[in-house]
Amino acid sequence: MGCSDQLIVPRFSQKEITETVGRRGLLTMEIEFNSICNFDCPYCYLDVKTPKKGELSRDEFRGVLRQARELGVGLIVILGGEPMLYPHILEMVEYIRQLGMDVEMFTNGARMTDAAAAKLFENDVSVVLKCNSFVENIQDELCGKKGAFTQIHSAFAALKKAGYPSDTKPLGVSTIMCKSNFDELEELWKWIRNQGMTPYFEMITPQGNAKINADMEVDPDKISRLFYRLAEIDKTYGFDWEPQPPLVGAKCLRHQYSCVVNSVGDVTPCVGVTIPVGNVKDRPLADIIGKSKVMDELRNYKQHIKGPCRDCEDLEHCYGCRGAAYQVTGDYLASDPLCWKNKDNVGQAAPLPAGARGLVPHAPPMLIVDKLLTVMDTTSVEAHISEDMAFVRKDGIMDEVAYLEMIAQAMAAHNGYKNIGNPETVREAFLVGASKVKVYGAAMVGDTLRIDVCKVAEVNGTYAVVNGQIFKGDKMLAEGEIKVWTKSNKPVTIA
């Protein structure tokens, strides 16, 4: 997948991370210059068969890179697709270096000629090469392409000829842990260390192809034993680290200081938390990073994380895999369901979509929303209009006043979901006002509506302004703002 955070010796001090959180800046940024790949790995998190429409131009990429530098980024991590298939990859590498930022690139070795490897070495690029197995047919199978084994080892030869690895130009090996290669992982780890390279071993995140091929996953208890075994092996090489998922010998705290910009300009917290929080074509990167509620909650994870992860003794330097939490439960703040410590606690966060009953403090006929669809910067809720529902007239048409109640209940569903597994829940909330209300159409029995809500302002954690829009298909029926006052034992932020 491409994780490189805090390997063995932390790249950033806690002071640097804390300062970056405070200023809403960045220390690293992951970027995808292209979306296609010549492999079809059965665990890949992306659809890499066809290029995405509307990919950024070279000038747009340069603009994003300049913005990243202004936000404090010192390292650009290049992902993909396959970066070496991007026709301007070496040009972009040189531009990043001209801006004074380091470069790390994850690659499967495509087009890794002697000349390309030499150019990467000349530009001080840290290269991380895919290698999942010593066995040719297993390696080809895990890449979804016959000949992958040969391609990867040809790339190894070219990179070594260029001078990799050296003290200043490391060569890493990216390996996914799954059933197919599990029995050879210890030997692969030792081989990587003996070659003077850096191992990047990681657990599968259940998204993309990995959801289709869920039988590849290894039982958490076996993963745990492997982590501890590799930790013991690594002591013989002079490395001492405490096992924790999802990366072997590493800490993933990236959400406090990093983000992903994909090939079409969407910004997401990481490749696992696939929530677009903005697009660089529409807004500056600083504005996107600084104003996203999703990013803010992940940066201040100790205040928001739920369940066993919240109470874990390792919380100071671990919050599990946020990508796994989001992909399995739909909640990026849920406890990591793939951590061996949490294997029995997946139910503490309900998968999405989730029924509104129990999330909203209403019962039929006053409960007029049915299902929570998404929880993002903008949350979406579904409502199916039935004749026994409150606000429905004898002629089957819903009274317009119900639109405001739908917006209020949609926000209540959002908050109810965000507080699953959190003991300090909001106890009571009251609709105290509305403004900017516009009605464009009517809803009637049999209609299914989508209600989109987002918080636009908050005061002291007790008073919030919520914007809502109600749709029937693609047609907007109503929009408006509601004012909500929250009563609790102490001020609680309406997330």
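Biologist: Which residues make the nonpolar surface patch?

Modeller: Patches are built from residues with over 30% relative accessible area and no salt bridge, like charges being joined within 9 Å and nonpolar side chains (Val, Leu, Ile, Met, Phe, Trp, Tyr) within 5 Å. Here Phe-430, Val-432 and Trp-485 make a nonpolar patch of about 280 Å², with areas from the Shrake-Rupley method and a 1.4 Å probe, only the protein chains shown counting as cover for residues. This is a predicted model, where local features need pLDDT of at least 70, side-chain atom pairs count only at pLDDT 80 or more, and totals for chains, interfaces and linings use all residues. Residues are numbered from 1 along each chain as its sequence is written, and side-chain values use heavy atoms, without hydrogens and water.

Biologist: How many salt bridges does the structure hold?

Modeller: Side chains of opposite charge can pair when their charged atoms come close. The criterion is a side-chain nitrogen of Lys or Arg within 4 Å of a carboxyl oxygen of Asp or Glu. The structure holds 27 salt bridges. In one of them, Lys-436 pairs with Glu-481, with the closest N and O atoms 3.8 Å apart. Lys-436 belongs to strand β13 (residues 428-439) and Glu-481 to strand β16, so the pair ties together parts 45 residues apart in sequence; strands (E, at least two residues) are DSSP runs, numbered from the N terminus.

Biologist: Is Glu-481 buried or exposed?

Modeller: Buried means under 20% relative accessible area, exposed over 50%, and partly exposed in between (1.4 Å probe, protein chains only). Glu-481 is buried at 13%, whereas Lys-436 is exposed at 60%.

How values were computed. Helix = DSSP H or I, 4+ residues; strand = E, 2+ residues; numbered from the N terminus.
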